[in-house]
Amino acid sequence: MDLISVPTWWTIWMLFHLIVSVGLLGALTHQAVAVMMPVRKVAGPVGFVTRFRAVPAPGYAFAVCIMWVITFILGSYIYIKYRTYIRIPIEQAGYWKTQGFFDFKEHVASIGLVLLPAYWFFWKNAQDPEYDTARKVLTVFLCVACWFLFIVGHVLNNTRGFA
Amino acid sequence: MSTTNTTTAAPARTSAASSTKVRTFVVTVAIVGVLVYCICLFFNLPAFTYHPAVNRVELWWGPARSGEGPAMYWYGWTVTTLIVSPIVGFLATLLPENVGKKIPLVLVWLLPIITIPYLIWDLRQWWFHP
């Protein structure tokens, strides 16, 4: 007797994918806000937004790379089941734009993956002004990409999940 | 209360993390990776095709066959990119340091941004599906 059903198996993996992606989203958002609106000096009591911005952003870079890779691997794994179990019914139902957004998501995830070494390098050399612009734009790009990937994944799961 | 900024504080550089060769490698991987992925997409050049319904892997591009379910190319495009871009990145490190340093950093962030409209265009079959 199987311990868990096939849909449950894939749902569990999708939840792992979700959990790591939430961590990634939080880290990238903190970092992007910190890089766009750095806290120079605070006089008086600090509020939530200031605390949100005042994170040690360079310390997030390695974790972001690791979480992007793990999320990517988990997403690649559940994609196997998605292709047959979810995408075909989505196409049969005529949700073409939803399908288009998923394809968009897979491309953005892959592009983000190849940017990670440069992103890591720019943060490792955060004190070098030569890399300031590249570091800032790349971080914001990855942050926006991560939000996009997260929202599309969430909407797709609402459209048709594994269960 | 006065707080010193920690946002831009960075860990001390190590020689590996700041070397010119590493810089050349990561910058080349980012630029070439984005380009290779788009080329793979445009010309449909996966390293392999995966047929999930029958759990079969086929080298290079293969069509979806009747009774075998859909064919997946994304894995193949990604693997092609992950093979080609580090190889080109490594080759770039063999260039003289002054040549490697001339690779424009702006391409690292500009190319992914330019790629977005291309991807939207590439996916037009879904946006304009009747």
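Trainee: Are H4(A) and H2(B) roughly parallel or roughly antiparallel to each other?

Mentor: Two conventions come first. This is a predicted model, in which local features need pLDDT of at least 70 and side-chain atom pairs count only at pLDDT 80 or more, while totals for chains, interfaces and linings use all residues. Residues are numbered from 1 along each chain as its sequence is written, chains are lettered from A and ligands numbered from 1 in the order in which they are written, and side-chain values use heavy atoms, without hydrogens and water.

Mentor: Helices (H or I, at least four residues) and strands (E, at least two) are DSSP runs, numbered from the N terminus. Axes are lines fitted to C-alpha atoms, for helices over the stretch in contact, and angles between N-to-C directions run from 0 to 180 degrees. Angles under 35 degrees count as roughly parallel, over 145 as roughly antiparallel, 65 to 115 as roughly perpendicular and the rest as oblique. Here the axes of H4(A) and H2(B), the latter being residues 20-43 of chain B, cross at roughly 170° and come within 8 Å. H4(A) and H2(B) are therefore roughly antiparallel to each other.

Trainee: Which residues of H4(A) meet H2(B)?

Mentor: Contact means heavy atoms within 4.5 Å. Among the H4(A) residues that meet H2(B) are A:Ile111, A:Val114, A:Leu115 and A:Phe121, and their partners in H2(B) include B:Val26, B:Ala30, B:Val34 and B:Tyr37. By class, the contact comprises 16 nonpolar, 3 polar and 2 charged residues (Ala, Val, Leu, Ile, Met, Phe, Trp, Tyr, Cys and Pro count as nonpolar, Asp, Glu, Lys and Arg as charged, and the others, Gly among them, as polar).

Trainee: At what angle do the axes of H4(A) and H3(B) cross?

Mentor: H4(A), residues 96-124, and H3(B), residues 74-93, have axes that come within 11 Å and cross at roughly 15°. H4(A) and H3(B) are therefore roughly parallel to each other. Their contact includes A:Ser110 and A:Leu113 from H4(A), with B:Trp77 and B:Thr81 from H3(B). It divides into 5 nonpolar, 4 polar and 1 charged residues.

Trainee: How do H2(B) and H3(B) pack?

Mentor: Their axes lie 7 Å apart at an angle of about 145°. The contact of H2(B) with H3(B) is made up of 14 nonpolar, 9 polar and 1 charged residues.

Trainee: How much area do chain A and chain B bury between them?

Mentor: The size of an interface is often given as the accessible area lost when the parts come together. Buried area is that loss (1.4 Å probe), summed over both parts. Chain A and chain B bury about 4600 Å², with 72% of it on carbon and sulfur atoms. A:Trp96, A:His107 and A:Val114 supply 14% of the area that chain A buries against chain B, more than any other three residues. The contact involves 56 residues of chain A and 52 residues of chain B.

Trainee: Which strands of chain B are joined by bridges?

Mentor: Two strands pair if DSSP finds at least two bridges between them. S2(B), residues 48-51, and S3(B), residues 56-59, run antiparallel and are joined by 4 bridges. B:His51 stands opposite B:Arg56 in S3(B). The hairpin has 4 residues between the strands, and B:Asn55 takes a positive phi near 55° there.

Trainee: What does A:Val33 touch?

Mentor: A:Val33 lies in H1 of chain A, residues 6-36. Leaving out residues up to four places away in sequence, A:Val33 touches A:Pro38, A:Phe52 and A:Arg53. A:Val33 and A:Phe52 are 19 residues apart in sequence, yet 7.7 Å apart in space, C-alpha to C-alpha.

Note on methods. Buried area = accessible area lost by both parts, 1.4 Å probe.
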